[in-house]
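The entries follow in the order I looked things up.

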Amino acid sequence: MEETRDSIADIWGERTPQYENWPVRVDQRLTEEPDHWVQSACVLCSNGCGMDIGVKDNRIVGVRGRAVDRVNHGRLGPKGLHGWVANHSPDRLTKPLIRRNGKLEEATWDEAMNLIVQRSKELIEKYTSGAIGFYTSGQLMLEEYYTLGVLGKAGLGTPHMDGNTRLCTATAAAALKASFGTDGQPGSYTDIDTTDAILLVGHNMASQQTVLWMRVLDRLEGPNPPKLVVIDPRKTATAKKATVHLAPRVGTNIPVMNGLLNLIIQAGQIDESFIKAHTVNFDELKKTVAKYTPEYVQQLSDVPADQLRAAADILGSTPTLLSTALQGVYQSMQATAAAVQINNLHLIRGLIGRKGCGIYQMNGQPTAQNNRECGADGDLPGFRNWANYEHVKELGRLWNIDPDKIPHWSPPTHAMQIFRYCEQGSIKMLWIQATNPAVSMPDLARIRRILAKDDLFVVVQDAFPTETTELADVVLPTAIWGEKTGCFTNVDRTVHISHKAIDPPGESRSDFDIFLDYSRRMDFRDKDGNPLIGWKTPEECFEAWKECSRGRPCDYTGMSYAKLSEGSGIMWPCNEQYPDGAEHIYTDGVFNTSADYCETYGQDLSTGAAKPQDEYKAEDPSGRAVIHAVDYEPPHEIPDDDYPLWLTTGRVVYHFHTRTKTGRSKELNDAAPEGFVQLSAEDAGKYGITEGDWVEVVSRRGRVIEPARIGEIEPGLVFIPFHYGYWDKDDRKRAVNELTLSEWDPVSKQPHFKYAAVSIRKTDPHSIREKVLSTKDELVEVVKGVVETVKSKL
């Protein structure tokens, strides 16, 4: 085996100090010498690193970073170097499965697809297409999302489409829309190479985007290193490099951000000419944040006043600024409102649309951006506005259908509401692709009960057996990365192509081919009687998508499969104006907020109430960014006598999501085989807990038992990673989402994973053996038992 470094022990590798020009460093891992290399990109975080796949005898034998790629300059993180071995996992799903007589049994593709189509038609006939819902992923490819979006919106006409992107990046999109009019990141990864300061809010970049952190580390080792302000309640690897580290109480991002904005405004460190020419509502912001003095912020958040002032000094005086946010913002209280304050910081200082001045409202998954662009998350493709009938008509013309077929009469159904409709019985068929909600959704006992309902027909499309496939009525085996061709777009708008390197195992099919097959069997037609979906290959679909994107912010019309295969990924917009892609957008200070172009007419960031079209038009920002001011609201569940501690959740560096891939890599799994309960030394002493002791954590919704890890966290707070479920170990409750809340942000509808009230106690290791019911049949019996018990008490 050949590896350029031990990426498990040495996560970020050797330093290559830099300023402005990041040196190349090619990372590689091989199990044997390949016959040939195939161009691709990594899909095990949202960074989107260019890589090549080494192939021998129709098997992946290794990967290497692409030196020419603008994203990573050849570098790869531990997940990228090791995660590919999951393709050859012996437990891959290779044949369709249908539940017969209570058990999943092998079936033919015709049997499986005919059953899905039969059930679809029956439901449409009896209840309309509103009885069918889709819950997809952030890990398909652009061509698959667009095909799904068209068949769902123009074929079925169902409003019930969303993805697990609702759990990780919905707030990123909502914040960008709220401030700038549409989705789309303003900055570029190259901003790291020159910026004078970096603000990281709720974003442990060192763990979650390891290659991007390498870029930061190389700046810190080079000339003119940037200052770092890190806002995180844990002392993470990122926080350890901070010039100033603010560790607020969970749920208090708004007080901290308002306090920083107030100090900067009071110091006169704002760009008044930019504010006047390019924004609206600054006076409201100034008035709202005025009361957030350092002392008041300390009272609300536990951030010392002097530390807040030190952070404001950096952010107010720096000539250039790069800011990032991730789940510590997106999954917490007032998520969209807090993310928008980061945008506000850049707007009041005029630090946007130029070199070194980027905003990364970070994504959590490799292709989440494509889900949002292509409309598979419920939004309309091309960042169109569902409330603007002219935009709906554009799609009608493009797809040659009656525009009224396209759901636009109310906001798209978000994931949490989709599961609620399943629970209530109005959605009777749920089609899940490439995600594992039986581990990743909040309040898992409830989610298992929903998926186990005997009046809910569950289709799961995946490459591996998971906790969710165990609850399915039909399982469709899929090809994954390396086994199909398609494109995907990362956080800084860089589009990569990933070519098919090997054949998928057994009878597995790509999601793209499955969607085409469903559309054909359903006989979806356009107004002229032609097949609704006219493309047959991913490349043909990409060409169709280009037309859909024409003239929209995410304009792909200057790209092609050939051009994407020439070397580096390419940023959008890529068109006649920007034939090689645009590194920054909003360079002229004109934003996408005009009433006829914007993706949203806006919402109240506290209540989520939508602004009517007429009201927005009457106050049309006409290309100016919208500044939003918001007061603090405390979390709705707080510690009390019974549940005296805060719980927060997150990730570890070696795993991705529910470990469906990374858990099948020996090296990655050996590096992090178990979850843990991280608690402070003070709390450990109070509860008589030492390192490695088994700890029971209980919330109002459930309990888990994990070993203790002590230190590097604020007192009163415990942390548990969310990756661990039951597919490989079913001897105790260990999925942290047994504990989390079914509550979400009023704007982005993203669940609040980052806070809950819990109690803890040291427990006897002999008491932890507890099988978690995981099959549909067992859970159906449990649900029936609950129903009978309730009936007997009525």
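**Helix 8.** I began with the span of helix 8, residues 253–266, in this predicted model. At 1.5 Å a residue, its 14 residues should span 20 Å. I found the end C-alpha atoms 20 Å apart, so expectation and model agree. Next I looked up burial. Helix 8 is mostly covered, with 13 of its 14 residues buried. I then read on past the helix. Gly 268 follows helix 8, and its phi is positive, near 70 degrees.

Strand 10 (residues 197–201) runs parallel to strand 11 (residues 227–231), and five bridges join them. Opposite Ile 198 I found Leu 228 of strand 11.

**Cysteines.** How many disulfides does the structure hold? I counted zero. A disulfide needs two cysteine sulfur atoms within 2.5 Å. For Cys 168, the closest cysteine sulfur is in Cys 45, 12 Å away, so the two are too far apart for a bond. Cys 487 is in no disulfide either; its nearest cysteine sulfur, that of Cys 541, lies 9.7 Å away. Is Cys 168 buried or exposed? Its relative accessibility is 5%, so I logged Cys 168 as buried. Cys 487 has 0% relative accessibility and therefore also counts as buried.

Note on methods. Residues numbered from 1 in each chain as written. Predicted model: local features only at pLDDT ≥ 70, side-chain atom pairs only at ≥ 80, totals over all residues. Heavy atoms only, no water. Helix = DSSP H or I, 4+ residues; strand = E, 2+ residues; numbered from the N terminus. Expected span 1.5 Å × (residues − 1). Buried < 20%, exposed > 50% of the residue type's maximum accessible area, 1.4 Å probe, protein only. Pairing = 2+ DSSP bridges.
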